[in-house]
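Hi,

Here is the structure I promised to pass on. Have a look at it first, then read my notes below.

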Amino acid sequence: QNEQALAVCYELLEAAAADGPLSDPSAFAPVDERLQAAVMAHRAEEGMLCPSSLEMVERLARCHTLLGRHEASLACHEELVMAYLALLGPIHEETMFSLAGLACACTRMGRHKEAARVRDHISNLQQA
């Protein structure tokens, strides 16, 4: 039930952000906080590498991004890369997708050299 309510809140956030940047990101801060708490609780029950836990971290990263919390989003993307590397290896599609998310997060943070290194890494993996 709590996860359903959280999913609805998340969908409202996505809908609000569909037309551009949020006019008042602080209005959605409770969604971000509840999602963080839900991720922690889910991990405690299911483990960090459970597919549903990873899906929740992906949503949390998106939520952070929509709210302008780019440092927190970057941390989520770093975590996702490490998890997918551990679970699926370096050349799996999900790992590549998580690396692309990390590159975008680096760019949003102004870490352009880091983003370029991640993109080069993706390119090298695709050629292997």
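Helices H4 and H5 run roughly antiparallel to each other (that means an angle over 145 degrees), because their axes cross at roughly 160°. H4 covers residues 70–88, H5 covers residues 93–108, and their axes come within 9 Å. An axis here is a line fitted to C-alpha atoms, for helices over the stretch in contact, and angles run from 0 to 180 degrees between N-to-C directions. The crossing is left-handed, so the near helix is turned anticlockwise from the far one by less than a right angle.

Before going on: this is a predicted model, where local features need pLDDT of at least 70 and side-chain atom pairs count only at pLDDT 80 or more, while totals for chains, interfaces and linings use all residues. Residues are numbered from 1 along each chain as its sequence is written, and side-chain values use heavy atoms, with hydrogens and water left out.

Back to H4 and H5. Contact means heavy atoms within 4.5 Å, and the residues that make it include Leu74, Leu80, Val81 and Leu85 of H4 along with Leu99, Leu102 and Ala105 of H5. By class, this contact has 10 nonpolar, six polar and three charged residues. Nonpolar covers Ala, Val, Leu, Ile, Met, Phe, Trp, Tyr, Cys and Pro; charged covers Asp, Glu, Lys and Arg; the others, Gly among them, are polar.

H4 also packs against H3 (residues 51–66), at an angle of about 155° and with the axes 8 Å apart. That makes H3 roughly antiparallel to H4 as well, and this crossing too is left-handed. Among the residues in contact are Leu54, Val57 and Ala61 of H3, and Cys76, Leu80 and Ala83 of H4. The classes here come to 10 nonpolar, five polar and two charged.

Now zoom out. The chain has six helices and zero strands, counted as DSSP runs numbered from the N terminus (H or I, at least four residues, for helices; E, at least two, for strands). Its radius of gyration, taken over C-alpha atoms, is 15 Å, close to the 14 Å from the globule rule (2.2 Å times the number of residues to the power 0.38), so the chain is as compact as a globular protein of 128 residues. The C-alpha trace spans about 45 × 35 × 20 Å along its principal axes. And how much is buried (under 20% relative accessible area, 1.4 Å probe, protein chains only)? Of the 128 residues, 38% are.

Cheers

Conventions. Angles under 35 degrees count as roughly parallel, over 145 as roughly antiparallel, 65 to 115 as roughly perpendicular and the rest as oblique. Buried means under 20% relative accessible area, exposed over 50%, partly exposed in between (1.4 Å probe, protein chains only).
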